[in-house]
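Thanks for coming. I will take you through one structure, starting with a pair of helices and then moving to strands.

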Amino acid sequence: LVFTVFAQADERLTCYELRTYHANEGKLEALHARFRDHTMGLFEKHGMTNLIYWTPVENEKNLLIYLLGYPDKEARDASWKAFRDDADWQAAYEASTTDGKLVARVDSLFLELTDYSPVSVFPETETAPLYEMRQYTTNEDKLDDLDARFRDHTIGLFTKHGVTNLPCFHLAEGQEAAGNTLLYFISAPSGDARDASFKAFSEDPAWQAARDASEKDRKLLIKKGVQSTFLKTTDYSPVK
């Protein structure tokens, strides 16, 4: 698996938005068509950067998950206003919803890169890997300790064991759980490769020592504080 990083043009991005669309029953393909044929181009027209688009590997909830980038929050708000006011968007929306709305609910998270994030955008790939979105919820006042463990140990050990590190984010201030959440992405060639890498990582004495040292006073994560979602890119995603 060969990666080519294209971070230069996107160094201007400081605000990221992870959006999750809950499609109505039977409407996911129509939602994909609207993004493929209209929405993505209109996003770009109005100054938004399309980064990557996914669906969960097991998608019983009919989700579309994607990431946008902006220069800042003010630019984001201006871009979305211009997008919503665009007559082309309004026409595409009306045409796509003649038989009912496509989306039941939209969830949005505003994200900021951590200082140790190995990349700022998702790199191009020769073949689409398996992506994994992992969200960690820490105990009170333990996010800094988790960041230190990632910065000093976890990122390097992931690489050692064949995991590809992708952007790592905190939640922007003002959102629920902003002070105790780490959300990051990794990839592997396949599910089997991912599982083998995590097994080797968990058994590595260097990881075990780093974990024990960081948790000598108290565990960093709350009980059941890890959420994991396996993702695959859509056919129209700018990065596969």
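**Helices H4 and H6**

Helices H4 and H6 cross in a left-handed way, meaning that the near helix is turned anticlockwise from the far one by less than a right angle. On the H4 side, the contact (heavy atoms within 4.5 Å) involves Arg-149, His-153, Thr-154 and Leu-157, and on the H6 side Ala-206, Trp-207, Ala-210, Arg-211 and Ser-214. H4 covers residues 143-160 and H6 residues 205-214; they pack at about 160 degrees with axes 10 Å apart. Axes here are lines fitted to C-alpha atoms over the stretch in contact, with angles from 0 to 180 degrees between N-to-C directions. The two helices are therefore roughly antiparallel, the word for angles over 145 degrees.

This is a predicted model: local features need pLDDT of at least 70, side-chain atom pairs count only at 80 or more, and totals for chains, interfaces and linings use all residues. Residues are numbered from 1 along each chain as its sequence is written, and side-chain values use heavy atoms, without hydrogens and water.

**Strands**

Helices (H or I, at least four residues) and strands (E, at least two) are DSSP runs numbered from the N terminus. Strand S2, residues 15-23, runs antiparallel to S5, residues 103-113, with eight bridges between them; pairing takes at least two. Tyr-16 has Leu-111 of S5 as its bridge partner. S5 also pairs with S8, residues 164-171, antiparallel over three bridges, and there Leu-113 is opposite Phe-169.

Definitions and conventions:
Parallel < 35°, antiparallel > 145°, perpendicular 65-115°, else oblique.
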